[in-house]
Amino acid sequence: MAAPKPAPEPGRPKRLSFYKANMNSIAGDGANVPWPAYTSRLDIEPELAVVYGNAHQPVAGYCIFNDVSARDVQVPEMVGGFCLTKDMAQGNQLGPYLVTVDEVGDPFDLAVSVRVNGHLRFEGSTSEIVGGAEEVFAWLEVMAPVAPGSVMGFGTIPDCTGLDHGDFLNPGAQIEIEFERLGTLTCTFEQPQALLRSRWPVRPSLLRYHERGGDPSPSTGRFPMSLEQVSDHCYAVINAKNRVCDANSGYVDLGDGLLFDTQSDLPHAHQMIDLFSSVWARMPRYVVNSHEDIDHVGGNQLFPGAQIIGHRSLPERMREVADPKEMLQLLFATSTPQLRTFIQAGHRGMAAMGRQLLEDYDFRLMELATPTALVDDTLVLHLDGTEVHVIYVGPCHNVGDVIVHVPSEGVVFAGDVVFQQCTPIAWAGRYDDSFRILDLIAGLHPEVVVPGHGPVCGLDGLEEMRAYLKHVREESAQAFARGLTSLEAAKQIDLGQWAAWRAPGRVYMNVERAYRELRGDEADLPWDRAATFDAIYEVARAKGLPVEF
Ligand SMILES: [Zn+2]
């Protein structure tokens, strides 16, 4: 349970992080562990455990601890503490004996092995544990006296879990965890009753426990996302909130499958996978990133076996604009009172943006996974004999925009060159690029366009976006001629029916984009993001419209 942290203060107990386990779910050797309905990734965690004796003899002995864990619910619980993940019945297994210190030898040099159904599956050692029992007791005593008989685990032995290897255990698994000198702790994972929908894709071996008719169904997950079939073989996951970061994903269910965009963070990506898993039998072979923004690439790391396709500019651009560390810093600052006050004083819009993201987003554990197959112009894939076109159309919304066209299905997955029912934004490209690309998509004669944000549309949706852009560009030109700044102009422009779109204050970006052209600025002039969010905030406030991003 305890994981030592670095940098102790001299002469003081080393700070450790730990969590408390459910004392009502302690089990012994030979336990039958019921399979909770909410998980399809029940896993073991072999740990070395120390038992506290008393003040004279703090270490009473050592034993094995199997900290049974449900992996598919673990990430969201990292925010509030482990409950579903660790507290299931019989989930804290100890044994088979308490081995006294004189028998153990060096507890931090013991070989560990895991056998499943009689076959060796995982191997490790206690030698990677940092720190000892005395450190654990010393830190716990800072909080409260440690009662005789208390058991402390030292954390999972590396390489000894299903999570380490992506090799999860099945119902009925007979598990033997052997620690040199400590004995062998055995348990059996029981057969589940009907499983609830998992946050992660359904494993083929668990399909029979799921009540699935194969019909696409609305999400039962945490976010208001839903699955839509848009043609015979094309599907979309639509993010109903439709604010910044609430991006859509698409899926072409032909051949080995093609996924379009991977959501903004791991919780959303897991829910997207969960939704698509009622359609796909296995994770797709191709993943296309529509462009470099984090809300379209954030789940890339969950597709390690896929070929990730993107425009040639993406690896470099993603490092510039989609680094999860920056999002983590913003959310950390927004959730820390003193820092929040500091940001609010200088950047009210930035602070409001952070608060909005905190409602739904969690960028922890995210790693930048850049495309491995780079496209310069057009790439034609053949999925089960059907042509799928990946077409570079940037710069428009950003530098590396591509769309996916499935001609035989009449479907275009547009990414952020098309927004619906929310105010479009662009970080690159010019108005004429936006109009050129709307023309290009219309020229493909799609029956269905899946926008980057907002509900699925047809050609009418493209015209709606074009009308908005034309209106704002014309109004901006007039305001420019009258000598207004772009911020003043954005506050004054009448949005008409478009005031009802999500995040109306983002009109500022469209006005500023027009001003850049009117001023003759360089096309790739970078945006000051903090100042931009502040301006969006001010515009929404001035118009009496919702402050949204
Ligand atoms: Zn987006």
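Modeller: Happy to! The protein is divided into domain 1 (3-189), domain 2 (213-318 + 369-457) and domain 3 (461-543), with bounds that come from an automatic or database domain assignment. This is a predicted model, in which local features need pLDDT of at least 70, side-chain atom pairs count only at pLDDT 80 or more, and totals for chains, interfaces and linings use all residues. Residues are numbered from 1 along each chain as its sequence is written.

The C-alpha centres of domain 2 and domain 3 lie 26 Å apart. Their contact takes 24 residues from domain 2 and 21 residues from domain 3; two residues are in contact if their C-beta atoms, placed from the backbone, lie within 7 Å. On the domain 2 side, the elements giving two or more residues are S25, helix H11 (431-443) and strand S26 (448-453). Helices (H or I, at least four residues) and strands (E, at least two) are DSSP runs, numbered from the N terminus. H11 provides the largest share of that side, six residues. By type, the side of domain 2 that touches domain 3 divides into 17 nonpolar, five polar and two charged residues. Here Ala, Val, Leu, Ile, Met, Phe, Trp, Tyr, Cys and Pro count as nonpolar, Asp, Glu, Lys and Arg as charged, and the others, Gly among them, as polar.

Now pick out Val 449. Leaving aside neighbours within four places in sequence, Val 449 is in contact with Val 412, Ala 414, Val 418, Ile 441, Cys 457, Gly 458, Gly 461 and Leu 462.
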